Amino acid sequence: MPKAVHQFYAGSQAADADLWAGAFAENGLFHDPVGSEPISGREAILARLRKVIPQFDPFLGITPVDAYTTGGQTAVHWRGAVVTTDGKPVNWSGISVFRLDEDGLIAELWAYFHHGVFTAQLGDSEH
C-alpha cells in the first residue's frame with residue numbers, strides 16, 4: 001500500500017485523529033460513505049474524526065484485508081470494529097478507493113459501505 005494509505009489505516013487503528021487526518025492532502029475530499037456530502041479539507045476531516053472517535057470505547061478502527069494499486073489509485077477491502085460506550089459491539093466492512101496527489105497524500109477517498117448496517121448496530125446508543 002502507498003504510505004498515505006497505510007497511514008490512514010494506522011491512524012484509524014490507533015484511534016489517533018491527527019495521524020489519521022494527516023494522510024490527507026490539505027484540500028483532500030473524504031466521501032464517507034459514498035453518496036453522503038463529502039468532508040472537504042484536512043481540517044474538516046480532523047474535526048470529524050475528533051468528534052467520532054470519543055463516541056466509542058474502544059475505537060478499534062478499520063483494518064485492511066486486501067489492497068490493490070493500479071493506475072494511480074488504490075482500492076482496499078477493509079473491516080471496521082468499535083464498541084459503543086455502553087458496550088455494544090459494532091462491526092462493518094467495505095471497500096475504499098484512494099486517489100493520491102503528486103505529494104503522495106490522499107487527494108480523494110471514496111468509502112463504499114452500507115451506513116445502515118453500521119447505524120442499526122448502534123441501537124439506542126447516542127451516536
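The model is predicted, so local features need pLDDT of at least 70 and side-chain atom pairs count only at pLDDT 80 or more, while totals for chains, interfaces and linings use all residues. Residues are numbered from 1 along each chain as its sequence is written, and side-chain values use heavy atoms, with hydrogens and water left out.

Reader: Why is Glu108 called buried?

Author: Buried means under 20% relative accessible area, with exposed over 50% and partly exposed in between (1.4 Å probe, protein chains only). Glu108 comes in at 13%, so it counts as buried.

Reader: What makes the Glu108 and His31 side chains a polar contact?

Author: The term needs a pair of N or O atoms within 3.5 Å; within protein, one must be able to donate a hydrogen and the other to accept it, and residues adjacent in sequence count only if both atoms are side-chain atoms. For these two side chains the value is 2.6 Å.

Reader: Which residues does Glu108 touch, leaving out those up to four places away in sequence?

Author: Leu29, His31, Val97, Phe98 and Arg99, where contact means heavy atoms within 4.5 Å.

Reader: What classes of residue line the largest pocket?

Author: There are 19 nonpolar, five polar and three charged residues. Ala, Val, Leu, Ile, Met, Phe, Trp, Tyr, Cys and Pro count as nonpolar, Asp, Glu, Lys and Arg as charged, and the others, Gly among them, as polar.
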